[in-house]
Amino acid sequence: MAMWDRIKDQAKTLQQTQGARGSGGHGRPGSGSSGGSRAQLVNTLKSQLTSLKTELKSGAYRDASMAMCALVAAADGQVDPAERQHVESLILNNDVLQNFPPEQLRQRFNKHVDQLAFNFQQGKAEVMQEIAKAAKKPTEARAVVQTGFVVAGADGYVAPAEEQVLREACSALGLSPQEFGL
């Protein structure tokens, strides 16, 4: 647990320094015109995830992360084929997710994307149930949100719809969105 506390302190320090530089006056890193701050936060979260790689080998983390990635990809209510392929590529190249066979990741991600594409509201409810299963282990719960954040910020920008689903995932996992600058 001491390692997670250190990682949380690093993230909070980063958020505080970003807030001191100016974040559009809303106290949220990356909001307004400081997109660089959000990119820094994404990079920090990515590094934190990598440092936890040996701890993130459970099926619950794998399944919740794939549900989270699908939800982020479909946050605006649709997923075009290019976006699906892009997120799938991010998943398969993610250092932490390489703990799992690529075909398992691809299968679970695509199943969730298909659910969301067929009926977004019903699919979202099912995806949130899958995400909530990771709440039993705080380290995994945080890692699921971090994984979603890394995927959302891969293009250097976290869209408002993506921020919203990340906040909802935090709620499903019993985490504070503020912990992630949301």
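Predicted model: local features only at pLDDT ≥ 70, side-chain atom pairs only at ≥ 80, totals over all residues.
Glu168 is partly exposed, with a relative accessible area of 24% (partly exposed sits between buried, under 20%, and exposed, over 50%, using a 1.4 Å probe and protein chains only). Its partner in a salt bridge is Lys124, with the closest N and O atoms 2.6 Å apart (a salt bridge puts a side-chain nitrogen of Lys or Arg within 4 Å of a carboxyl oxygen of Asp or Glu). Lys124 is in helix H6 (residues 120–132) and Glu168 is in helix H8 (residues 160–173), so this pair ties together parts 44 residues apart in sequence.

Residues are numbered from 1 along each chain as its sequence is written, and side-chain values use heavy atoms, leaving out hydrogens and water.

**Salt bridges**

- Side chains of opposite charge can pair when their charged atoms come close.
- The structure holds 10 salt bridges.
- In the Lys124 pair, Lys124 itself counts as buried, at 15% relative accessibility.
- Asp114 and Arg84 also meet through their side chains, at 2.8 Å from N to O.
- Asp114 belongs to helix H5 (residues 102–118) and Arg84 to helix H4 (residues 81–93), so they link parts 30 residues apart in sequence.
- Lys137 pairs with Glu140, and here the closest N and O atoms are 4.0 Å apart.
- Lys137 is partly exposed at 47% relative accessibility, while Glu140 is buried at 5%.

**Helix H5**

- Helices here are DSSP runs (H or I, at least four residues), numbered from the N terminus, and strands are E runs of at least two.
- H5 has 17 residues and runs 24 Å from first C-alpha to last, close to the expected 24 Å (1.5 Å times one less than its number of residues).
- Its buried residues are Leu105, Phe109, Asn110, His112, Val113 and Leu116.
- Looking down the axis of H5, those residues fall within an arc of 165 degrees, so they line one face of the helix (the arc takes the directions from the helix axis to the C-beta atoms).
- Gln107 and Phe118 are exposed on the other side of H5.
- Helix H3 (59–73), H4 and H6 are among the parts covering the buried residues of H5.

Note on methods:
Contact = heavy atoms within 4.5 Å.
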